[in-house]
Amino acid sequence: MTDQAIPYDHAQRFELSEAATKKVFRHLLPMLLLMYVIAFLDRANVAFAEKAFEVNYGISAAAFAFGAGLFFIGYAVFEVPSNLIMHRVGAKFWMARIMVTWGLVAVAFMFVRNEMSFYALRFLLGIAEAGFFPGVILYLTYWVPARHLSRARGIFYMGIALAGIVGSPISGGLLQMDGILGLPGVEWMFLVEGGIAVIVGVWAYFYLTDKPLDAHGWMEPQERQALHDTIAAEDTAKDEGHGPKSWATALGNGRVWYFCLIYFFIQIAVYGMTFFLPQQVAAITGQKLGLAAGFVTAIPWIAGLASVAFFPGLADRTRKHHVIGTSLMVCTAIGVTISGIFAKSPVIAIIGLCLAAVGFVGMQPIFWTLPTEYMTGTAAAAGIGLINSLGNLGGFAAPIIRERVDDALGKGNGVYAMAIGALLAGLTFWVTQYMKKANEIEAGHIEGLEQTPGQHTIRAH
């Protein structure tokens, strides 16, 4: 079909971009959510293997903590290059490649037999998955206007909670397949969950679309162009602001490094809980790891799911990101402390874990408002990659810190170090409100601009 010029004004562009955004939420977000559920499941299911590794292969608690954290070293090294490659070659190919690769490595955990093989595979899993999460954070900025970004990230972050809700019973149930076809239950867990990643990765290549102008099968031409124009206008505003303009300046930017520090503290709270949650629940309830303990482990994640479904959207509507984000991290600190103090009281301890999950799950999509309003283009690709890579080193530090504090002060005290991490995350996030704005565009201002009379032209292909 030949190009046909179709005129529209600002008010129509706003309406068309809103209609297009609704289609993005219906078409792309469910696939990205599914991918993140599988990613987090393959990253955290090692918690269910801890006891089997110790009994079968002599991998100690200290070795497990070190190996669990090694994931984030490989992850950190390759995050920025991966994001820059995705920005160049396109999201659907690169994210599908990432997913298939990490699925194959996840399956290979079937062959762990000692500490060195465990260390090697955790490191390789980090390399394989590097770029997926920051790639999605960047990818959403290609598709979702700023006024809806926290809500979109909130839906994506539901993957953490859903992985806990669905994944914990699945992982626990797979462990109970012990002996079927001669395989231990832990090997069934890695085989099934890694295999799912490979299958969904292949599907993602054919399902995802790189940019709005390419969405020929599921979006009208006017909607494609209006959404493209809206995103382009926001990117122009960022370029005219105080943010970095290239990948090199982003990597050396002081504010970007401060964002890394905030995210590091957040991840200490996240992974200090995640890697130990199944064992902690088993200790609190007196159950063995399995299907029943998996269902109890899912309870805090249900609370986290409710949090991420509500708070990011509230932050977008009220523009109170700092107040809400800081309050959520304080909630995590309180919840973690309660779970430690009342470890002998199962109901109260589980309530504490629920509060912790409400805080750190709901906070993370709100945090990403900072860097995505500050950078665009290759600067965003590099900056988001750097923040995620260095910030996720908190996932390397958390299990080691928790184990060291337990050794020094007695079993069960390491949890309080995670509470301190949450408080530091809240404090450093709060301080960012006093930083100079990267640009003056707020959600309401963008909407006002888009409804100002004027003429634009779109082209239908």
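1. A polar contact is taken here as a pair of N or O atoms within 3.5 Å, where within protein one atom must be able to donate a hydrogen and the other to accept it, and where residues adjacent in sequence count only if both atoms are side-chain atoms. By that criterion the side chain of Ser-171 makes a polar contact with the side chain of Glu-193, at 2.8 Å.

2. The model is predicted, with local features needing pLDDT of at least 70 and side-chain atom pairs counting only at pLDDT 80 or more, whereas totals for chains, interfaces and linings use all residues. Residues are numbered from 1 along each chain as its sequence is written, and side-chain values use heavy atoms, with hydrogens and water left out.

3. On the overall fold, the chain has 21 helices and two strands, these being DSSP runs (H or I over at least four residues for helices, E over at least two for strands) numbered from the N terminus. Of its 461 residues, 59% count as buried, where buried means under 20% relative accessible area, exposed over 50% and partly exposed in between, with a 1.4 Å probe and protein chains only. Among contacts (heavy atoms within 4.5 Å) with a separation of 6 or more, 84% are between residues 24 or more positions apart. The accessible surface comes to about 17300 Å², of which 67% belongs to carbon and sulfur atoms; areas are from the Shrake-Rupley method with a 1.4 Å probe, and for residues only the protein chains shown count as cover.

4. Ser-171 lies in helix α8, residues 149-175, and is buried, with a relative accessible area of 1%. Leaving aside neighbours within four places in sequence, Ser-171 is in contact with Leu-41, Asn-45, Phe-48, Met-189 and Glu-193.

5. Helix α9, residues 185-207, has 23 residues and reaches 33 Å from its first C-alpha to its last, close to the 33 Å expected at 1.5 Å a residue, the expected span being 1.5 Å times one less than the number of residues. The buried residues of α9 include Met-189, Glu-193, Ala-197, Val-200 and Ala-204. An α-helix has 3.6 residues a turn, so residues three or four places apart point the same way. The cover over the buried residues of α9 includes α2 (29-44), α3 (46-57), α5 (91-108) and α8.

6. Helix α18, residues 377-391, reaches 21 Å over its 15 residues, close to the 21 Å expected. Because 12 of the 15 residues of α18 are buried, this helix is largely enclosed by the rest of the structure; among the buried ones are Ala-379, Gly-383, Ile-387 and Gly-391.

7. Leu-181, in the loop between α8 and α9, has phi near 55° and counts as exposed at 73% relative accessibility. Arg-319, in the loop between α14 (291-318) and α15, has phi near 60° and is partly exposed, with a relative accessible area of 27%. Most residues other than glycine have a negative phi.

8. A nonpolar surface patch of about 770 Å² is made by Val-330, Ile-334, Ile-341, Phe-342, Val-347, Ile-348, Ile-351, Leu-355 and Leu-423. Helices α15 (321-341) and α16 (346-367) each supply at least two of its residues, and the largest share, four residues, comes from α16. One of the patch residues, Ile-351, lies in α16 and is partly exposed, with a relative accessible area of 47%.

Methods. Patches are made of residues with over 30% relative accessible area and no salt bridge: like charges are joined within 9 Å, nonpolar side chains (Val, Leu, Ile, Met, Phe, Trp, Tyr) within 5 Å. A salt bridge is a side-chain nitrogen of Lys or Arg within 4 Å of a carboxyl oxygen of Asp or Glu.
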